[in-house]
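Grab a pencil and work through the exercises below. Each one sets a task and then walks through a solution.

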Amino acid sequence: MTERTLVLIKPDGVQRLLVGDIISRIERKGLTLVALELKTASDEVARGHYAEHEGKPFYPSLLEFITSGPLVAAVLEGPRAVAAFRQIAGGTDPVDKAVPGTIRADYALNTQYNLVHGSDSPESAEREIALWFPELAG
Ligand code: RTP
Ligand code: MG
């Protein structure tokens, strides 16, 4: 059964010229790009996207970071797309958790500036796709 996931290449990935590399990894994994767009997150979209983290100590700096410049938003499709993208992204902490060979382990040092976001469940994916690509929701 096919599944969709919402991916962001965060502003650090755009600034560091890693967009091509990250998209290449997605394509090599076999996930299909359904939507791909350069966007700058409004405060409203950022708050909606990271609502689950409201109140946590890192929330204000997370909002500032995610709205700090252009990012790439994408919808990927494929079997187990949610887990498949999180596998190639690696764990949240790029040093302690991400396994070598993953995007975060290979290119990041810092838990905040960890280059990519991937939905954490099919339900989150539905919600996030509706937020970032309302024309695709449903
Ligand atoms: P994401 O939502 O961005 O895909 O990352 P994730 O599921 O691996 O991690 P999550 O717990 O959802 O955290 C969301 C993002 O918040 C930043 N963060 N900073 N300073 C910190 O301790 C901390 N913890 C999380 C990261 O940018 C993380 O990806
Ligand atoms: Mg998350």
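## Exercise 1: Placing Tyr 113

Tyr 113 sits in the loop between H6 and S4; helices (H or I, at least four residues) and strands (E, at least two) are DSSP runs, numbered from the N terminus. This is a predicted model, where local features need pLDDT of at least 70, side-chain atom pairs count only at pLDDT 80 or more, and totals for chains, interfaces and linings use all residues. Residues are numbered from 1 along each chain as its sequence is written, while chains are lettered from A and ligands numbered from 1 in the order in which they are written.

Task: find out why Tyr 113 is classed as partly exposed.

*Step 1.* Start with the rule: a residue is buried if 20 or more other C-beta atoms lie within 10 Å of its own, exposed if 12 or fewer, and partly exposed in between, with C-beta atoms placed from the backbone.
*Step 2.* Tyr 113 has 17 other C-beta atoms within 10 Å, so the class is partly exposed.
*Step 3.* Now look for contacts, meaning pairs of residues whose C-beta atoms, placed from the backbone, lie within 7 Å. Leaving aside neighbours within four places in sequence, Tyr 113 is in contact with Asp 12 and Ala 108.

## Exercise 2: The confidence scores

Task: say what the mean pLDDT of the protein chain is.

*Step 1.* pLDDT is the predictor's confidence in each residue, from 0 to 100.
*Step 2.* The protein chain has a mean of 97, and 99% of its residues reach 70 or more.
*Step 3.* For the model, ipTM is 0.93 and pTM is 0.97.

## Exercise 3: The overall build

Task: work out how many helices and strands the protein chain has, and in what order they come.

*Step 1.* Count the elements: there are seven helices and four strands.
*Step 2.* Read them from the N terminus on, and you get β-α-α-β-α-α-β-α-α-β-α.
*Step 3.* Compare with a compact globule. The radius of gyration is taken over C-alpha atoms, and the globule rule is 2.2 Å times the number of residues to the power 0.38. With 138 residues that gives a value near 14 Å, and the protein chain has 14 Å, so the two agree.
*Step 4.* Along the principal axes, the C-alpha atoms fill a box of roughly 40 × 35 × 25 Å.
*Step 5.* Of the 138 residues, 34% are buried. Among contacts between residues at least 6 apart in sequence, 70% join residues at least 24 apart.

## Exercise 4: Around ligand 1

Task: list which residues surround ligand 1.

*Step 1.* A residue counts as near a molecule or strand if its C-beta atom, placed from the backbone, lies within 6 Å of it.
*Step 2.* That picks out Phe 58, Leu 62, Thr 92, Thr 111, Gln 112, Asn 114, His 117, Gly 118 and Asp 120.
*Step 3.* Sort the shell, and you find two nonpolar, six polar and one charged residue. Here Ala, Val, Leu, Ile, Met, Phe, Trp, Tyr, Cys and Pro count as nonpolar, Asp, Glu, Lys and Arg as charged, and the others, Gly among them, as polar.

## Exercise 5: Residues from the record

Task: is His 117 buried or exposed?

*Step 1.* An unreviewed UniProt entry puts the feature "active site" at His 117. UniProt positions are given in the numbering used here, feature names are shortened, and annotations may be inferred rather than shown by experiment.
*Step 2.* His 117 belongs to strand S4. It counts as buried because it has 22 C-beta neighbours inside 10 Å.
*Step 3.* Beyond residues up to four places away in sequence, His 117 touches Val 7, Leu 8 and Lys 10.
*Step 4.* Follow that to Lys 10, in the loop between strand S1 (2-9) and helix H1 (11-15). Lys 10 is one of the positions with the UniProt feature "binding site" (unreviewed entry), and Asn 114 is another.
*Step 5.* Asn 114 has 24 other C-beta atoms within 10 Å, so Asn 114 is buried. Leaving out residues up to four places away in sequence, Asn 114 touches Thr 92, Pro 94, Arg 104 and Ala 108.

Methods: Contact = placed C-beta atoms within 7 Å.
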